[in-house]
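Student: I have a model open and would like to learn how to read some of its features. Could we go through them one at a time?

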Amino acid sequence: MSVQRNAIIFAWILLLPALLYVTAIVAYPLVDTFILSFTDASLKKTTNWVGWANYEKIFNETFAEVIIRTFVWTFFSVSIKMIIGTFGAAMLNAAVPGRALFRVLTMPPWIVPMAIGIFMWGWMYNGQFGMISGMLQRFGVVDGPIAFLAQGSTAFWATVITDVWIGVPMVTLYMLAAMQAIPQDLYEAAWTDGAGRFYRFRRITLPLLVPSMVTMSMLSLISTFNSFDIIWILTRGGPSGETTTMIIDTYKTAIGSNKYGEGAARAVLICIFLSIFCLCYFRVTSRLSGGDKR
């Protein structure tokens, strides 16, 4: 009995540094933000307890539009990245000449510093000297310059395209690694039975990639949902708030307007959404692994 108790104590001693780290880096900021969301904290010296007032303020028509826009932006961005990344990985995994070169060419969007890549896209979106507008005019698609970032509809999709460009390499390499982990015996047996390339991809590759696709989708979803740099550098949430997502709105409220209490309430809401996503992910992966027998 004493040996077992000593083993438990020793285990807690080993876990203590990790527990302290998690408490200091994760738990304390979360608790402090949650408490702050119930106050009117700002640059003023006194801070008053306001209860649920900050949460009542954010559940208005304007913020509801921000929530919907965030989910739409995340859905399209993640979906496009997964589609392009999966099929791109399939092509890179195929036995074609120059495959190594194609793999190298997928890296620049990931290697280039994010800020530089975003500024590059901002230059291409420019209506006066941007490459995209210039090419459309040269080929007669449009009659005049298009300021993509100055119009709500085009600015929204411009940020989506930029996020896809930055995120596709990671998805491609992840899915490529997952494809290479599939036993080649399955493909050889299917090829012996006369199965074509598309049939093998549809009946062997895709089903075996489902766990990896779920994991990559969740990682991409969390990253995209919290994406700040792309929208802030390109549009700062404009024009007229058409590209303002929850993370941008939180920053504008807490840092831009110095309303720390209201900003904390928005941050708590983002944390709740991401927690729900993670719970759904764990549920799905549990079913895929056979852990849930119900």
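Tutor: What follows takes up annotated spans, helix packing and aromatic pairs in turn. Keep in mind that this is a predicted model.

Student: Let us begin with the record. Which residues does the UniProt annotation "transmembrane region" cover?

Tutor: An annotation of this kind comes from a database entry, and it may be inferred rather than shown by experiment. Here the unreviewed UniProt entry lists residues 7–31, 71–92, 104–125, 155–177, 208–234 and 264–284 under that name.

Student: How much helix is there over residues 208–234, and how far apart are the end C-alpha atoms?

Tutor: That stretch is 89% helix and 0% strand, with 38 Å between its end C-alpha atoms. For residues 7–31, the figures are 100% helix and 0% strand, and the ends of the span are 32 Å apart, again taken at the C-alpha atoms.

Student: Now helix packing. At what angle do the axes of α9 and α10 cross?

Tutor: Angles over 145 degrees count as roughly antiparallel. The axes of α9, residues 184–192, and α10, residues 197–225, cross at roughly 160 degrees and come within 10 Å. Therefore α9 is roughly antiparallel to α10. Their crossing is right-handed.

Student: Which residues make the contact between α9 and α10?

Tutor: From α9 come Leu-186, Tyr-187, Ala-190 and Trp-191, and from α10 come Arg-200, Ile-204, Thr-205 and Leu-208. Sorted by class, the contact of α9 with α10 has six nonpolar residues, one polar and one charged.

Student: How do α6 and α8 pack, and what is the angle?

Tutor: Helix α6, residues 114–125, packs against helix α8, residues 152–180, at about 140 degrees, and the axes are 11 Å apart. This angle makes α6 oblique to α8. The crossing of α6 and α8 is right-handed. On the α6 side the contact is made by Met-114, Gly-117, Ile-118, Met-120, Trp-121 and Tyr-125; on the α8 side, by Ala-158, Ile-161, Thr-162, Trp-165 and Ile-166. In the contact of α6 with α8, nine residues are nonpolar, two are polar and none is charged.

Student: Last, the aromatic rings. How many aromatic pairs are there?

Tutor: Rings pair if their centres lie within 6.5 Å, and planes over 60 degrees apart count as edge-to-face. The count is 21 aromatic pairs. In one of them, the ring centres of Phe-71 and Phe-273 are 5.3 Å apart and the planes stand at 85 degrees, so the pair is edge-to-face.

Student: Where in the chain do Phe-71 and Phe-273 lie?

Tutor: Phe-71 is in helix α3, residues 61–93, and Phe-273 is in helix α13, residues 260–288. The two are 202 residues apart, and the pair links distant parts of the chain.

Note on methods
Residues are numbered from 1 along each chain as its sequence is written. This is a predicted model: local features need pLDDT of at least 70, side-chain atom pairs count only at pLDDT 80 or more; totals for chains, interfaces and linings use all residues. Side-chain values use heavy atoms; hydrogens and water are left out. Axes are lines fitted to C-alpha atoms, for helices over the stretch in contact, and angles run from 0 to 180 degrees between N-to-C directions. Helices (H or I, at least four residues) and strands (E, at least two) are DSSP runs, numbered from the N terminus. Angles under 35 degrees count as roughly parallel, over 145 as roughly antiparallel, 65 to 115 as roughly perpendicular and the rest as oblique. A crossing is left-handed if the near helix is turned anticlockwise from the far one by less than a right angle, and right-handed if clockwise. Contact means heavy atoms within 4.5 Å. Ala, Val, Leu, Ile, Met, Phe, Trp, Tyr, Cys and Pro count as nonpolar, Asp, Glu, Lys and Arg as charged, and the others, Gly among them, as polar. Rings of Phe, Tyr and Trp (its six-membered ring) pair if their centres lie within 6.5 Å; planes under 30 degrees apart count as stacked, over 60 as edge-to-face and the rest as tilted.
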